[in-house]
Amino acid sequence: MVLWSTALGALLLAIVGYVCLMGLLRQRRPQEPPLDKGSVPWLGHAVAFRKNMFEFLKHMKAKHGDIFTVQLGGQYFTFVMDPLSFGPILKDAQRKLDFTEYARKLVMKVFGYQSLDGDHQMLHSASTKFLMGQGLEELNQVMLDSLSLVMRDSKGQKLEAGCWYEDDIFHFCYKILFKAGYLSLFGYTKDKEQDLLQADKLFKQFRKFDLLFPRFVYSLLGPREWLEVGRLQRFFHKMLSVEEGLEKDSISNWIAHMLQYLREQGVAGAMQDKFNFMMLWASQGNTGPASFWALIFLLKHPEAMRAVREEAAQVLGEKRKPFDLDVSVLRHLPVLDSVMEETLRLGASPTLLRVVHGDQMIKMASGKEYLLRSGDTVALFPYLSVHMDPDIHPEPTAFKYDRFLNPNGTRKVDFYKAGKKIHHYTMPWGSGVSICPGRFLALNEMKLFILLMTTHFDLELVDPDTPIPAVDPYRWGFGTAQPTHDVRFRYRLRLSE
Ligand code: HEM
């Protein structure tokens, strides 16, 4: 027994020693970007990165400039910080920068889903068909109906017009967007009351998973939290099982089409359940938090709220049957569009990752060329390098509702960096092969919600002097930011409706 433990201990020590040595041995080769391994073997800068990715990268950019490689938990990430140099990475004409390799590992770990080779293409072609064009028009109407249903319901009871209700804004927005989004995509049974209760139950567990998510991805959970994540995964696999789905008669074409593809590929039912969980996460993890930022910005900026309401009054006209609007109005709301674009500039912070297949050169906008090493990961963090660049967006931390409006009221698309017109002046949806396929639906869904909230309800902060909360630093890089704490508000369905 003693012999075995000694041998095992020695083996472990050898493995740890080898891994650390590999890290220590790595040297910057000619033409490679500046290399910063950090002072801790293997971990490198992982602790500072996970604690506050935004501050860490700001520091690295000040130290190394527009491109650098850092060690994070035994892996090497090359961050490109100059948005004028994003083109070759996002277009990747040589197909040597791979998005799927990293994504496959992540979805296996988080959702238990084993990807197929054709999944990525199938997902994007299903989304082109059902989340854009005519498919999107149909879904917009379903979404409006779902939002109306969910918003008229308060804690299981019908909302009474003229009566004030109080809630936490973040929780309120997340719950409504989640329930309406889930029901629109995953379908209704014949019993809508029951559907609402089920959506509520799902949301409560979804939030638990959501709160553990960043530390789960970074493998930082304690033993109890690991058990909790396992329980939550099983809960979602069961609640979203394809068997349960058989009882529903209005699953969206988007989900139905993708599940049919998986069936045709011979994917087992249990794996399809995991696919559903993954799609629930992708479709519902961002719209609620983003709507929170939009609503709190409007509540804290009366001139913006006024502009949104005036535009809505003009576009909707006199017709005011409760929750009855023609979804085609969504195409004629440049002020609301600008509010949403500004909200996502301030609130969306994705990280774009590509694994380098084969050593290759990258040419920066400055003309300088760098060697990317095979097996490393290229990373972009547009929140810092684009959204917060004062050259592209003056006073970048300020909310300016009309930042994306031309003086004549049309959408502004001309933004410049160092005097050059910049193509990627915001990137809330990512870009290139992994761009969010649900972006048009997401935007419409959030616009509908804000439109309904601002035109059908009176809204006020419980404490008008309360500041806009800071962003939770642990969530940088994970899609839409979340606040460090919630804010109380009151809402009242207008009597005249
Ligand atoms: C505010 C709302 C949303 C934001 C900010 C957002 C943002 C993003 C981003 C940045 C990515 C790319 C991640 C990467 O490069 O790794 C992504 C991927 C994805 N999003 Fe969204 N998203 C939103 C809403 C939605 C909605 C409503 C849906 C579906 C109806 C959706 C479906 C997806 C899917 C399926 C992917 C994976 C795409 C792939 O694997 O290539 N998203 N989203």
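1. How do the residues of the shell around the ligand divide into nonpolar, polar and charged? In this predicted model, the shell has 15 nonpolar and nine polar residues, and no charged ones.

2. The ligand has 24 residues around it, and those that come nearest are His120, His124, Trp429, Ser434 and Cys436. Four helices each supply at least two residues of the shell: α6 (119–130), α13 (269–284), α14 (287–300) and α18 (439–456).

3. A side-chain N or O atom of His120 is 2.8 Å from an oxygen atom of the ligand, and a polar side-chain atom of His124 lies 2.7 Å from a ligand oxygen.

4. In contact across the boundary are 26 residues of domain 1 and 40 residues of domain 2.

5. About 3000 Å² is buried between domain 1 and domain 2, with 73% of it on carbon and sulfur atoms. On the domain 1 side, Arg50, Phe111 and Tyr113 lose the most area to domain 2, together 26% of what that side buries.

6. Between the two domains there are zero salt bridges and nine residue pairs in polar contact. Elements that each supply at least two residues of the domain 1 side are α2 (46–51), α3 (53–64), α5 (100–111) and β8 (352–356). The largest share, six residues, comes from α5. By class, this side of domain 1 has 17 nonpolar, three polar and six charged residues.

Conventions
Residues are numbered from 1 along each chain as its sequence is written. This is a predicted model: local features need pLDDT of at least 70, side-chain atom pairs count only at pLDDT 80 or more; totals for chains, interfaces and linings use all residues. Side-chain values use heavy atoms; hydrogens and water are left out. A residue is near a molecule or strand if one of its heavy atoms lies within 4 Å of it. A polar contact is a pair of N or O atoms within 3.5 Å; within protein, one must be able to donate a hydrogen and the other to accept it, and residues adjacent in sequence count only if both atoms are side-chain atoms. Ala, Val, Leu, Ile, Met, Phe, Trp, Tyr, Cys and Pro count as nonpolar, Asp, Glu, Lys and Arg as charged, and the others, Gly among them, as polar. Contact means heavy atoms within 4.5 Å. Buried area is the accessible area (1.4 Å probe) that two parts lose on being put together, summed over both. A salt bridge is a side-chain nitrogen of Lys or Arg within 4 Å of a carboxyl oxygen of Asp or Glu.
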